[in-house]
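Please study the sequence and structure before reading the solutions.

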Amino acid sequence: MQFELIKEAFIFPTPMYIYRFTEFEQHRKELYYYFDQDDIWLSNEKRNNLIATRANLHKETALSPFIRFVQASLEDTMSRLGYMRDIGITSAWATKQLKGGHHHYHVHRNSFLSAVFYLRDDTGNAFGTTFHDPNLPFRQIDPPVDRERAQFFKSSLVSSFEPGVLIVFPSWASHSTYPSNSENRIVVAFNAMPIGKTNTDHYDRYNYQDPAIMDLKEYKPL
């Protein structure tokens, strides 16, 4: 039987964009110095052998070159997704996973785009972020696997942990981390929202505020 494949298409994918901080080596020493300060970590809130900073790192002058890189990456992502480039960082925080530390399965609520930046791994064998297939509940059949071909349907994907690399993804994309096999795994995370009036509906009056002029809530544990 003869057949012709006209087109291969993937509908409703989860977009992910990976950027490299090209000035990372130039700023690595100052970034490591900043995150080596004990007083920036909320050590009294340690859970799952993981500690975090406050979520206002995007306001820190010492991190300005790094934050500019993240901002430019977010704007590029918006453009590639077909939106206006205007977007603002609403929160930025770092997490440090000690030996055996892990992050639970979660999404970033009340946000449009999120990102993770791989900053530091002292042992060189840290796991990256595990992203989970949002369509998994609708996939109930597992056919026989062709071992010589890559499988299209996967329940999860573990990114490589490469210092100096930023991964931008939709905030609804669920993710987690495996228990750390590194003594000092540091990741900086971001949330961002679009800025300005929408232009898709005449009756839609929503105007996204610029986060740069917003007051930040102080961190309070639940």
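Two exercises with worked solutions follow. This is a predicted model, in which local features need pLDDT of at least 70, side-chain atom pairs count only at pLDDT 80 or more, and totals for chains, interfaces and linings use all residues. Residues are numbered from 1 along each chain as its sequence is written, and side-chain values use heavy atoms, without hydrogens and water.

**Exercise 1.** Describe the largest nonpolar core and state which element gives the largest share of it.

*Solution.* Step 1: a nonpolar core is a set of buried Ala, Val, Leu, Ile, Met, Phe, Trp, Tyr and Cys residues joined through side-chain atoms within 4.5 Å, where buried means under 20% relative accessible area (1.4 Å probe, protein chains only). Step 2: the largest such core has 32 residues, and Phe35, Phe66, Phe117, Leu119, Leu166, Val188 and Phe190 have the most contacts inside it. Step 3: the largest share of this core, 6 residues, comes from helix H2; helices are DSSP runs (H or I, at least four residues), numbered from the N terminus.

**Exercise 2.** Characterise H2 by its span, its buried residues and what follows it.

*Solution.* Step 1: H2 has 17 residues and reaches 24 Å from its first C-alpha to its last, close to the expected 24 Å, which is 1.5 Å times one less than its number of residues. Step 2: the buried residues of H2 include Pro65, Phe66, Ile67 and Phe69. Step 3: Phe66 touches Phe21, Leu31, Phe117, Val188 and Phe190, leaving aside residues up to four places away in sequence; contact means heavy atoms within 4.5 Å. Step 4: after H2 comes Gly82, with a positive phi near 90°.

Note on methods:
Buried means under 20% relative accessible area, exposed over 50%, partly exposed in between (1.4 Å probe, protein chains only). Helices (H or I, at least four residues) and strands (E, at least two) are DSSP runs, numbered from the N terminus.
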